[in-house]
Amino acid sequence: MNGCRPSLVSAAADRVAMAVIREARQLNLWIPDDLSIMSFRGYESGELMEPQLATVRFENEEAGIIAAWTLIQMCRREPAARKEVPGWRFEPGASVKDLRRPKPELPG
């Protein structure tokens, strides 16, 4: 990476984020001080991580209903929405650095 290191990894799933945390620890990186990590999906296993994984949790049941209804409409050759977004919420966890915190004063 030409000498530069990322400060944030946004993983497509919690399991990928967990693997990144494992690899970061093998490189002696501190999370979130050296590397912030977040994911999408929000499995309960992320809550058991240390530090607790920051994630965007989707409403899986709602997403399933949307998908099923869209398939039914397509099978009936009815117009279906091209895009629908299920409910979601961000769960901050502790694996992402809080950038709102003021940086400590350096001596000198």
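**Loops, strands and a nonpolar patch**

Arg-77 sits in the loop between α2 (60–75) and β4; helices (H or I, at least four residues) and strands (E, at least two) are DSSP runs, numbered from the N terminus. The model is a predicted one, so to speak of local features requires pLDDT of at least 70, side-chain atom pairs count only at pLDDT 80 or more, and totals for chains, interfaces and linings use all residues. Residues are numbered from 1 along each chain as its sequence is written, and side-chain values use heavy atoms, with hydrogens and water left out.

Arg-77 has a phi near 60 degrees, a positive value in a residue other than glycine. Its relative accessible area is 78%, which makes Arg-77 exposed (buried means under 20% relative accessible area, exposed over 50%, and partly exposed in between, with a 1.4 Å probe and protein chains only). Asn-28 also has a positive phi, about 60 degrees, although it is not a glycine. Asn-28 belongs to the loop between α1 and β2, and with 64% relative accessibility it counts as exposed. The loop between α1 (14–26) and β2 is where Pro-32 is found, and the peptide bond leading from Ile-31 into Pro-32 is cis, with omega near 5 degrees.

Next come the strands. Strand β3 covers residues 54–58, and four of its five residues are buried, so the rest of the structure largely encloses it. On one pairing, β3 runs parallel to strand β2 (residues 36–41), with four bridges joining them; two strands pair if DSSP finds at least two bridges between them. Within this pairing, Arg-41 stands opposite Arg-57 in β3. The other pairing is antiparallel, and here four bridges join β3 to strand β4 (residues 88–91). Val-56 stands opposite Phe-90 in β4.

Phe-90, then, is part of strand β4, and it is partly exposed, at 42% relative accessible area. Together with Val-85 and Trp-88, Phe-90 makes a nonpolar surface patch of about 340 Å². Patches are made of residues with over 30% relative accessible area and no salt bridge, where like charges are joined within 9 Å and nonpolar side chains (Val, Leu, Ile, Met, Phe, Trp, Tyr) within 5 Å. A salt bridge here is a side-chain nitrogen of Lys or Arg within 4 Å of a carboxyl oxygen of Asp or Glu. Accessible areas come from the Shrake-Rupley method with a 1.4 Å probe, and for residues only the protein chains shown count as cover.
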